Amino acid sequence: MKLTVVIDGRRCEAHDGQSLAALLWALKLPARRSVSGEPRLPWCGMGICGECRVAVDGRDGVLACLTPCRDGQQVQTQRGARR
Ligand code: FES
């Protein structure tokens, strides 16, 4: 089943069961940027490194690797980097 996830205002097609981190990888989008502006990509894929933090439906600091894509989900990169 195909889902639509909106990432930074861009409508993206995702697969049922796909994690947000896998979707970001597939689209070659960084989850966030470091304080020096370097793109940060999901790394461990199992909830340990924190490199995949994004905002999902207005909630900051969500780990994309542990979050399944849902239809209509609103994802913002960058915002998840704030602490
Ligand atoms: S990729 Fe490491 S916590 Fe998500």
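A salt bridge is a side-chain nitrogen of Lys or Arg within 4 Å of a carboxyl oxygen of Asp or Glu. I looked up Arg70 and Asp57 under this rule, and they form a salt bridge with their closest N and O atoms 2.8 Å apart.

I note that this is a predicted model, where local features need pLDDT of at least 70, side-chain atom pairs count only at pLDDT 80 or more, and totals for chains, interfaces and linings use all residues. Residues are numbered from 1 along each chain as its sequence is written, and side-chain values use heavy atoms, with hydrogens and water left out.

**Entry 1: Arg70 and Asp57.** I placed Arg70 in the loop between strand E6 (59-63) and strand E7 (74-76), and Asp57 in the loop between E5 and E6, 13 residues apart. Helices (H or I, at least four residues) and strands (E, at least two) are DSSP runs, numbered from the N terminus. Arg70 has a relative accessible area of 42% and is partly exposed; Asp57 is also partly exposed, at 41%. For these words I use under 20% relative accessible area for buried, over 50% for exposed, and partly exposed in between (1.4 Å probe, protein chains only).

**Entry 2: the other bridges.** How many salt bridges are there by this rule? I find 4 salt bridges. One of them joins Glu13 and Lys2, at 3.3 Å from N to O. Glu13 lies in strand E2 (residues 10-15) and Lys2 in strand E1 (residues 2-7), so the pair ties together parts 11 residues apart in sequence. Glu13 is exposed at 53%, while Lys2 is partly exposed at 48%.

Glu51 and Arg40 form another salt bridge, with the closest N and O atoms 2.7 Å apart. Glu51 sits in the loop between strand E4 (39-40) and strand E5 (53-56), and Arg40 in strand E4. Is Glu51 buried or exposed? Glu51 is buried, with a relative accessible area of 13%. Arg40 is partly exposed at 30%. I also see that Arg32, Arg40 and Glu51 are linked in a network of salt bridges.

**Entry 3: the core.** A nonpolar core is a set of buried Ala, Val, Leu, Ile, Met, Phe, Trp, Tyr and Cys residues joined through side-chain atoms within 4.5 Å. The largest one has 18 residues, and those touching the most other members include Val5, Leu20 and Val75. E1, E2, helix H1 (20-27) and E5 each supply at least two residues. The largest share, 4 residues, comes from H1.

I then checked Val5 for contacts (heavy atoms within 4.5 Å). Beyond its neighbours within four places in sequence, Val5 touches residues including Cys12, Leu20, Leu23, Arg70 and Val75.
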